[in-house]
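Hi,

Here is the structure I promised to pass on to you.

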Amino acid sequence: MIKPEPAERSAQGKQSLRSRPSDLLSLTRMTLATLWHLAVWRLQQSWGMLTVMGVGIMVAVILVCVVPPYALVAMSAGVRSVFRANPEQTYISVKGDVIHDTLSAGISAFQAQLDQDLQRRVGDMVNLHPQFTVQTSFSLNADHPLPDPANLEYTLACNGYDDAAVAPHITVLQGRLPRVNDKTIEFMLTPDAANLLHIQLGTVLTAPLLYLYSGGVNATSTSLPPLPQTQTFTLVGLFHVKSASDLFWHGQSFLTGAVLAGPKENLIPQAIIANDGFLHTYDTLTRVALQNGASLSNVLAVSWYYTLAVPHLQADHLQSLLDGVNAFQMDIANSEASGFPNATPDVTNVEIFAPTALLSSYIERVSAALVPIVLLTLLMFFLVLFFISLICDLLIERQSEVIALLRSRGASQQQVFGALSVQGILLGIIALLCGPLLAPFLAIILVRVILAGNDQGALNLLANPLQIAWGLRWFALVTVLIVLGTLLLGIYRAARLDILRMRRETARARRRSLFQNLPWDVVLLIVAAVIYGSSFYVVNTGIVDAQLQVLLVSPLILASSVCVILAGSFLFLRLFPRILDLVAKLAARARGASSLLALAQMARVPRRVLHMMLLLMLTSAFATFALAFVASQAQRIPDIATYQAGADFSGTLVNPQLIGQPSLTQQTATYRHIPGVLAASLGNVSALNYAAGSQNVAIEQHAVDANTFAQSALWVDQDTPSLSALMAQLRAQRTGVLTTGRIPAIVDAAAWNALHLSLGAHFTLNDAQGPLTYVAIAEVAHIPTISDSSNGTSGGVLIDYQSYEALYSRQFHIAPPLTNVWLRVDPHAIATVRATLTQGNLQLSPLYDRYATMVALSYDPLYLTLLGILILGATLPLILALVSNLLSSWFSARARLTNFAVLRALGSTPRQILAMLAWEQGGVYVLALILGGLAGIIFSLLSLPVLVFTGVAARGVGSTTSGNAFFTLQNVPPIHIVFPPTLVLIFLVLLVCSSIALGLMGYLIVRASLGQVLRLNAD
């Protein structure tokens, strides 16, 4: 029988498979079953490493998925806290006037159009059941019971409210709330107003009714058509406002006003009337007037107050809310032409007041905070991804003998790849399903631990974890795909191994890594130089504004920093084998054999050593960076509070005396004697102008008392002489001011560059009285409270008040007023000093409170967002890296048990083996910790100046900082990079973990049985 050739058999097999699809399906099922059984078998053999890898994939998914919900909650808590701190900004108010022939139905139709347009523009972010008020006034007939009609006139100011709405905000002292009454308009007064008018419950007042006719004449003559000539008002209740600051009143105080009109004084009591009752009477009068060709002359002012749904505001909806409010304002502005679909002329002079400035300001803050948040998240994700790739290498290295054995026994590359891929895919599916489900709960934990108690209400955004998890599906899917891509790439390389190649690699590494084949270090250094040069050019040429610098330069600087660290790592990895060879040759000259054997082993197979070293290096580097970031971010709070205040307390005198003011010494003593004040200094702050040709620059001037300013003021550290030395310079040049006619000035960098100054240069500044000449004696980087202002100033100058007063008085014959105060206080007397400065004769307004600003910034949700993400991102990779390091050491020892057993069989003692291990692993650990700490310090110095975020207090003077002033504040004053003492503790922890790993390796080697280890392999 003639057997067919192999090619013929292959062709016959293919033909038979084509003719029998069932056989092809059966073969596919058999292949899948084989892959499944092979994957399960390897899972039983290496479940420990697979568990660690699964945890790593889960960490990556959770890290990516937890950031969006946590950041959303924290930022939403921030915007809600801003509105809580500014409750007057929680309304969109629409105000207008009702024309004379409009009925209440027309007002209701206009409100319906407002509701419809707001619903279309902003949706459910605004409560569409507004508070409605109507206001008008009637001149009362000055007869009995009103007092002194000969000298007084009376106008009843009517403020209409809905009974159900007004009842919770007042206390009814006598009587009841106004109601609908066909015969009269019922009203309420405060007891003070009733006593002033000498009226009591049940008193009826009358007011003349004025009409407009086609000729535009107001008249009450009986010769005109028989229209109602008077309207009665009945006092039905006395009330007291529960809280004068209640937002329900929108600034209405209910105090009786007085206006001098001609020979008589006009008293204007404020009354509460019922909207429905007044509009019922108003409709009746208007209908009668319209039937007779007239209309009431009273102008009705109507207002609608739409409340923002602050408890449900989300940070990611702020832009759409702002756009909707702006569109609503445009609709109102264009209503006469093309605004509302059914526009009516019933309400005119419509004005809208909305918190657009507050929304724009917070959106700017969110955009600035998102830069470090996104960059940190990406950095931590790629760090975790690198850890996963190293664990994958360990897993493959752990299974390399089995892979090579399977290849030698006939398993195809596709079968090995498929079996190992099944494991990774199963882990990815588990992470894909569990990660998004766990992320909302972890976000809730972070919010409860980190955010302040009054910000916990934002947790309502995470009330439905399943919905949140579903919204995170794309984040999780992309993360899992990236991780699986990394895993499958490593598995593909491993599946190509056969047993001969594996044993050659085990004996001595022949494959050169990618970083050894290509000069990645040089390439990355060039890229880093180009990126850093571009960012340096952008910053120093001023071609972009402060906002673009923050949003554009920060990623560039971080990218260049990452390139520098990677370049250093690649350079070290390139040189590491050569360094090992050199050190091994030096160790050969020593007397002991332990160090030589250790270094020879490391030089023979450096790949495994590099894995362990990279793990520990990255762990220590990221720990250094994380601690430095937290410490620097915390240091930014007192720095910015000090910069904004310039002292413990500072501010502007409420009523500075322009004529006959007390002397500087007397006023200083007044503030110095406040209990708890340690030092006080007064001066003058004014806005000046520099004009030269076409150049016109606004400069802010601080004229301070050089004798006391250094003891009272606080300056953030600058690369300039100390504040005491600067004040000494000003004092030393007092005597020559009147002689030279020039005031010595310390100029900040912004003004120095704007005025193109040099040391000793003269320049002229103009104030309201005229020009003054100055001489530049020193340049400083920044003068606190000047460069952070949003009034368009281009820097400032600091001068001595006594010198300024002497020249100013001689030139303008008037002394410059003392306008500002700087105080240094005892930390134990903060509350006392604060109370003194917020009321009474010593009140300062605005008041800059350094301590209050620090507290507010410490609880800023945007700052806490960064802190929470960093804590999460630093903790999870750190734990993963430590576990990976322990496992790497453990499996490294297990993989080399045969080598150690051979050394034991050749006569080496356990002590010598342990010494060799100590040389090998101890050197790796120490070197990795040193290099990791150095890399962390370098990376922190390069990247932290663009990652540290500067927040703004929710309330107070600094809360209004926005626009370029806010983005300038991100780098002014300069960021202080702080390396805390806790770094030593972290390195001790890492050293202890490394010692534990070394001890486990030693324990495994010493306890191993020589007979068991030296058995022949299965192949």
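This is a predicted model: local features need pLDDT of at least 70, side-chain atom pairs count only at pLDDT 80 or more; totals for chains, interfaces and linings use all residues.

The chain has a mean pLDDT of 80, with 81% of its residues at 70 or more. Among the elements, strand 23 (residues 820-825) has the highest mean, 94, while helix 1 (residues 6-19) has the lowest, 46.

Now for the inside. In soluble globular proteins, nonpolar side chains tend to be buried together. Here the largest nonpolar core has 238 residues, and the members that touch the most others are Trp304, Tyr671, Phe763 and Tyr774.

Next, the charged pairs. Side chains of opposite charge can pair when their charged atoms come close. How many salt bridges does the model have? The count comes to nine.

- Arginine 176 and glutamate 186 meet with N and O 2.8 Å apart. Arginine 176 sits in the loop between strand 4 (170-175) and strand 5 (185-189), and glutamate 186 is in strand 5, so this pair ties together parts 10 residues apart in sequence. Glutamate 186 is buried, at 7% relative accessible area, whereas arginine 176 is partly exposed at 28%.

- Aspartate 648 and arginine 850 form a salt bridge at 2.9 Å, N to O. Aspartate 648 lies in the loop between helix 19 (606-645) and strand 16 (649-653), and arginine 850 belongs to helix 27 (residues 850-858), so the parts tied together are 202 residues apart in sequence. Are these two buried or exposed? Aspartate 648 has a relative accessible area of 2%, which makes it buried, and arginine 850 is buried too, at 12%.

- Arginine 734 pairs with aspartate 705, and their closest N and O atoms are 4.0 Å apart. Arginine 734 is in the loop between helix 22 (723-732) and helix 23 (737-740), while aspartate 705 is in the loop between strand 18 (695-704) and helix 21 (709-712), so the pair ties together parts 29 residues apart in sequence. Aspartate 705 is buried at 5%, but arginine 734 counts as partly exposed at 23%.

Salt bridges can also join up: Asp117, Arg120, Arg121 and Asp331 are linked in a network of them.

Finally, the outside. Which residues form a nonpolar patch on the surface? They are Val984, Leu985, Leu988, Val989 and Leu991, which together have about 440 Å² of accessible area. One of them, leucine 985, lies in helix 32 (residues 982-1007). Leucine 985 counts as exposed because its relative accessibility is 53% and the cut-off for exposed is over 50%.

Happy browsing!

Notes. Residues are numbered from 1 along each chain as its sequence is written. Side-chain values use heavy atoms; hydrogens and water are left out. A salt bridge is a side-chain nitrogen of Lys or Arg within 4 Å of a carboxyl oxygen of Asp or Glu. Helices (H or I, at least four residues) and strands (E, at least two) are DSSP runs, numbered from the N terminus. Buried means under 20% relative accessible area, exposed over 50%, partly exposed in between (1.4 Å probe, protein chains only). Patches are made of residues with over 30% relative accessible area and no salt bridge: like charges are joined within 9 Å, nonpolar side chains (Val, Leu, Ile, Met, Phe, Trp, Tyr) within 5 Å. Accessible areas come from the Shrake-Rupley method with a 1.4 Å probe; for residues, only the protein chains shown count as cover. pLDDT is the predictor's confidence in each residue, from 0 to 100. A nonpolar core is a set of buried Ala, Val, Leu, Ile, Met, Phe, Trp, Tyr and Cys residues joined through side-chain atoms within 4.5 Å.
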